[in-house]
Amino acid sequence: MIFKLLTRTVTMVMLAAIINPIFGQPDHATEIVRKSDQLMQGDSYISTMTMKIVRPTWDRTIVFKSWGKDRDLAMTYIKAPAAEKGQSFLKRGNEMWTWNPKINRLIKLPPSMLSQGWMGSDYTNDDILKESSIVKDYNHTVVNVENYEGYECWVIEMTPKEDAAVVWGKIISHIAKEKYFPLKVQYFSEDGELVKSHLNSEIKHMDNRDIPTKTIVQPADTPNKKTIVIIDQIDFNIKLSDQFFSQQNMKRIR
């Protein structure tokens, strides 16, 4: 009797491991997130993007160029429209600044502005400057496997580590198996309420990798508003010195 019970228990454990081998394995979940993050950003990148802010009675378009390195260094330059052209944003570690040539002022951004909309959009300062690291600042768990937009995806829940200075209380990401790009990313408040979703599509081959090139940022509480971000061009693993990301260079980049 005892032998049969032990045999049954062992069989059930083995079946669970075969059917669902990745659930509850945080190391595996973290590796998925790391590969996805590496796919979308590389060790460094230079990109040009077009952002369209859509509102019920108006819309406007912003074109910007961004540079990033090692998750701790990032810079963004506004190319259009003319009214905002020349503004730049810099991140070094946990510090951020903005440069406005029209008023000739360099302003340090407080951490409280991370969750605020960048340039009046639904894209946050945290999004544009990649302030928080989804790999280092969060714990990761595979909670499901689902089909989304024709791709079989890992559904990964990310919860912030205790000492992480992050904006979100929880993130849930649908990451395509084999391809590793994120297709839907949901951002939740500390109270567990859905704040916004990033819906990624239009997979294209850019600089030797397949990535989504269109993101719709959809606020949860205002379905009649959205922000659309298009990657026009991106190059990965570009040689960029740490000195490039300086306050002096904020005033010179083009």
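Reader: Is Arg60 buried, partly exposed or exposed?

Author: Keep in mind that this is a predicted model. Arg60 is partly exposed, because its relative accessible area is 25%, and buried would mean under 20%.

Reader: Ok, and which residue does Arg60 form a salt bridge with?

Author: With Glu84; the closest N and O atoms of the two are 3.3 Å apart. That pair links distant parts of the chain: Arg60 sits in strand S2, while Glu84 is in the loop between strand S3 (73–80) and strand S4 (88–92), 24 residues apart.

Reader: What about Glu84, buried or exposed?

Author: Buried: Glu84 has a relative accessible area of 16%.

Reader: How many salt bridges are there?

Author: The count comes to 9. One of them joins Asp122 to Arg55, where the closest N and O atoms are 3.2 Å apart. Those two are 67 residues apart: Asp122 is in the loop between strand S6 (105–109) and helix H3 (125–129), and Arg55 is in the loop between strand S1 (44–54) and strand S2 (59–69).

Reader: Why does Asp122 count as buried? And where does that leave Arg55?

Author: Asp122 counts as buried because its relative accessibility is 14%, with the cut-off at under 20%. Arg55 is buried as well, at 13%.

Reader: Which residue does Lys214 pair with?

Author: Glu202, with 4.0 Å between the closest N and O atoms. Here the link runs between strand S12 (residues 210–219), which holds Lys214, and strand S11 (residues 194–205), which holds Glu202, 12 residues apart. Glu202 counts as partly exposed, at 40% relative accessibility.

Reader: Switching to the greasy bits. Which residues touch the most other members of the largest nonpolar core?

Author: Met51 and Ile156, in a core of 42 residues. There is another core apart from that one, with 12 residues, including Tyr77, Leu90, Trp99 and Leu240.

Reader: What is Ile156 in contact with, leaving aside its neighbours within four places in sequence?

Author: Ala29, Ile32, Val33, His140, Thr141, Val142, Ile171, Ile172, Ser173 and Ile175. As background, nonpolar side chains tend to be buried together in soluble globular proteins.

Reader: How much of the chain is buried?

Author: Buried residues make up 45% of the 254 residues. The chain has 4 helices and 13 strands. Of the contacts between residues at least 6 apart in sequence, 47% join residues at least 24 apart.

Note on methods. Residues numbered from 1 in each chain as written. Predicted model: local features only at pLDDT ≥ 70, side-chain atom pairs only at ≥ 80, totals over all residues. Heavy atoms only, no water. Salt bridge = Lys/Arg side-chain N within 4 Å of Asp/Glu carboxyl O. Buried < 20%, exposed > 50% of the residue type's maximum accessible area, 1.4 Å probe, protein only. Core = buried A, V, L, I, M, F, W, Y, C linked by side-chain atoms within 4.5 Å. Contact = heavy atoms within 4.5 Å.
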